[in-house]
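Please look at the sequence and the model before reading on.

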Amino acid sequence: MSDSAKTDGTADTAAEAAAGKRRTRYGLLLAALPIAAFVVIGVFLFRGLSLDPSDIYSVMIDKPAPAFDLPALPGKANGLSNTDLTHPVQLVNVFASWCVACRVEHPILMELKRNGTVPIYGLNYKDQPTAAINWLQNFGDPYDRIGSDLNGRVGIDFGVYGVPETFIVDGNGVIVRKITGPITPVILQKELLPLIAEMQK
Amino acid sequence: MAPELGQYALVLAIIVATVQAIVPQVGAYRRDAAWMGVAPAAARVQFLLVLFAFGCLMVSFISSDFSVVNVFENSHSLKPLIYKISGVWGNHEGSLLLWILILTLFGAAVAQFGQNLPPTLQARVLSVQAMIGVGFLAFILFTSNPFSRLDPAPFEGNGLNPLLQDPALAIHPPFLYLGYVGLSVAFSFAVAALIEGRVDPAWARWVRPWTLAAWCCLTAGIALGSYWAYYELGWGGWWFWDPVENASFMPWLAATALLHSSIVVEKRDALKSWTVLLAILAFSLSLLGTFIVRSGVLNSVHAFASDPTRGVFILAFLVFVVGGSLTLYAIRAPSLKGGGLFRPVSREGTLVLNNLLLSTACFTVLLGTLYPLFLDAVASEKVSVGPPYFNAVFVPLMTPLVAALAIGPMLAWKRGDLAGVLGRLKFVAALAFLTALAVAWYAWDIMPLAVLGLALVVWLGLGVFREWAERVRLFRWDIVDSWRRARGLPRASYGMSIAHLGVALMVLGITASETWQDEKQLIMRPGDVETISDFELTFIGAEKVPGPNYSATAATFVVTRNGQPVTILQPESRIFPNPPMETTEAAIRSTLAGDLYTVVGEGDGLGGHAVRLYYKPLVIWIWLGSLAMMVGGMISLSDRRHRIGAPSRKQAAEPGTKNRDPGALAAAGAGD
């Protein structure tokens, strides 16, 4: 914006020439600013290519699930605590009623529930409890237990990046794998079901 | 056969584009008319070749030729014809081809309508346009060939994502691409001007119609996308600040800023280097959006399948286009001479304010969109930035923008009289204040922002009217004179008023629907009656209905108000087998006063069904407002001065003299 000087043009010529020179110097710097900013963004974009946003959060894998004890949603009997994770294999699914992608994976969770494939625990992440209850009433409740993580603290301990996310936890309470984003039919068939079958052996 | 022909056409197109990129550029440098003359012809040929290739792909889709990988992956023989056609661009490869088709269409249009451009400028513009074309054609040929064959050919295709099988989404991408790619013309003009080393009001005159056309399409595309999200995702929400939505919103913000700053270049010969930068940035953001959507660097619900090779290619292209143009800018911009001077309080001043706010808004969206990526790269931490961030930063930015919108058009160029303008707006201000009081009385406890929102609506809506009234001297008690003046106002002036009114309507829709929404989520059994707003909804029941390529659960509600029948609503929940997916089809009774929005979910196995009922007052005005913005843009586009294109140099040369008399100002500055 080097040319948008808001003077009224009455200055005498000498002052204007000096101002002009100063403006040119600033102008050079200003003109180079966009390309500098772009270089920075470009470096990050390049870095981003080798990072997978849906990648496993490496720090939490093969570590015990963080200790937590969350209250139940209104009208539900049970909350969720890390001591509930006692099955040979179980899913901890992070969901919220405001999350569009959660709707996408929801039928798959319902399917798992119907077939009794694996216990599913819900971590209701930064959600209004009443909205969550409505959501579950509307679409069905695939969860064996649900903990209400109102302020998202437990989500942080789990290293939740976004919702939905699904943690596969083994009998010792250790996180074996994590699925970021909705569980698609492909992920279900190729990744999740084989893993569950193997762990249940 | 068709796929092979299409493939050949694309190969020919990239050769033509390469010639078009090099020969006219050299010709312009050597002032060689024959070499420059290659450009328009090449642009037309390139367009025809790509059009042919696009036709070939469409034929493959319509005839369900599953020996083509792309058709196999994205189509199904049972799909209705319209979705076979829209399936052409419902996937990565096909949409890229559509993108290139539109790019070459714009190139051909510059060749056609730009005959009165200075020859060197036209040659350079078309050359830059062709460079972009080469990049994209190489991208499609080397990483994303839509014509790849499968052997043996499968009997049946995989089907199109059911969420995309929708009329609005069938036409949403073409509009969006018209907008994205239309900005490439402004970009090419900017780069050509930097190469020429000359930006003047004439340049802005040539650029503006293209920007305006692109902006109209982008507005339409975004509005369609948001309307689709509203009725198809079944949430009643219409904007989710998803990375893909942001990818289209950022170029829109930049284009809106560009639209306004180019007015200053045209009228006052000022803000030149800033305008050129905006033209570069607007298209760069379009490319960045493409990168975000197609490379998989960010998580999104509607991202295309990601592929690292593609990401690397687009990034390399991005570096070439954006890096190249910004480097050129850094070298050339300081030598662009500043033009007309002006005071902070002036028409230019408010347009600068508009630009500052819009570009800040654009930057905050960029920051919010890329922040997860930054944090991931620097700290290996994964976060998501959601609506709370965007809402928190957007309201404070948009408030002064909308407030200034009523004042700006009434200020004179160069040196405005703010006190005078505010004096003439005092009734408007008083009414806005009364509105605020009334809303505060009525709704303070629900949502304090509603007070601000509705006051702004009144302020801007009446302000637009007041400005028009002033131009036609409506309150001078001479109706005949006013009528004559109203007819004499240029179309661009009406375009501006309508577009600004659109902003007011949109704010109205957003504020009202957020504040006074009535929402119920419950299980209903046949015969149950539920009241929402002042409607009574009787749930008749739900039954299974087969569709052409899905099976649906269709519910029926009888809607009455005070016992009088209103309508029957039949929301559906559809299960698609190929690919397996469930979609909700909300049933909406849409009126100007508000939408009654019903969604049906799963049965509870006991005869009951989960349903969601909403009443959203005035929500339709969000889209009617965007429609008004688009229509305003189109009316402005139809203005004779834009159509002629070539500016009268005389008028551009003496902009200062006309601005003394407010009446002449009305005519000269109209529509800006």
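Two residues are in contact if their C-beta atoms, placed from the backbone, lie within 7 Å. In chain B, residues 24 or more positions apart account for 75% of the contacts with a separation of 6 or more. The model is predicted: local features need pLDDT of at least 70, side-chain atom pairs count only at pLDDT 80 or more, and totals for chains, interfaces and linings use all residues. Residues are numbered from 1 along each chain as its sequence is written, while chains are lettered from A and ligands numbered from 1 in the order in which they are written.

**Chain B overall**
- Chain B has 23 helices and 10 strands.
- Of its 672 residues, 56% count as buried (20 or more other C-beta atoms within 10 Å of the residue's own, placed from the backbone).

**Helices 1 and 3**
- Helix 1 (residues 2-30) of chain B packs against helix 3 (residues 38-62) of chain B at about 160°, with the axes 8 Å apart.
- Helix 1 of chain B and helix 3 of chain B are therefore roughly antiparallel (an angle over 145 degrees).
- The residues of this contact comprise 24 nonpolar, five polar and no charged.

**Helices 16 and 17**
- The axes of helix 16 (residues 426-443) and helix 17 (residues 448-471) of chain B come within 8 Å and cross at roughly 155°.
- Helix 16 of chain B and helix 17 of chain B are therefore also roughly antiparallel to each other.
- Contact residues include Val428(B) and Ala432(B) of helix 16 of chain B, and Leu454(B) and Trp459(B) of helix 17 of chain B.

Notes: Axes fitted to C-alpha atoms, helices over the stretch in contact; angles between N-to-C directions. Helix = DSSP H or I, 4+ residues; strand = E, 2+ residues; numbered from the N terminus. Parallel < 35°, antiparallel > 145°, perpendicular 65-115°, else oblique. Nonpolar A, V, L, I, M, F, W, Y, C, P; charged D, E, K, R; others polar. Buried ≥ 20, exposed ≤ 12 C-beta atoms within 10 Å, placed from the backbone.
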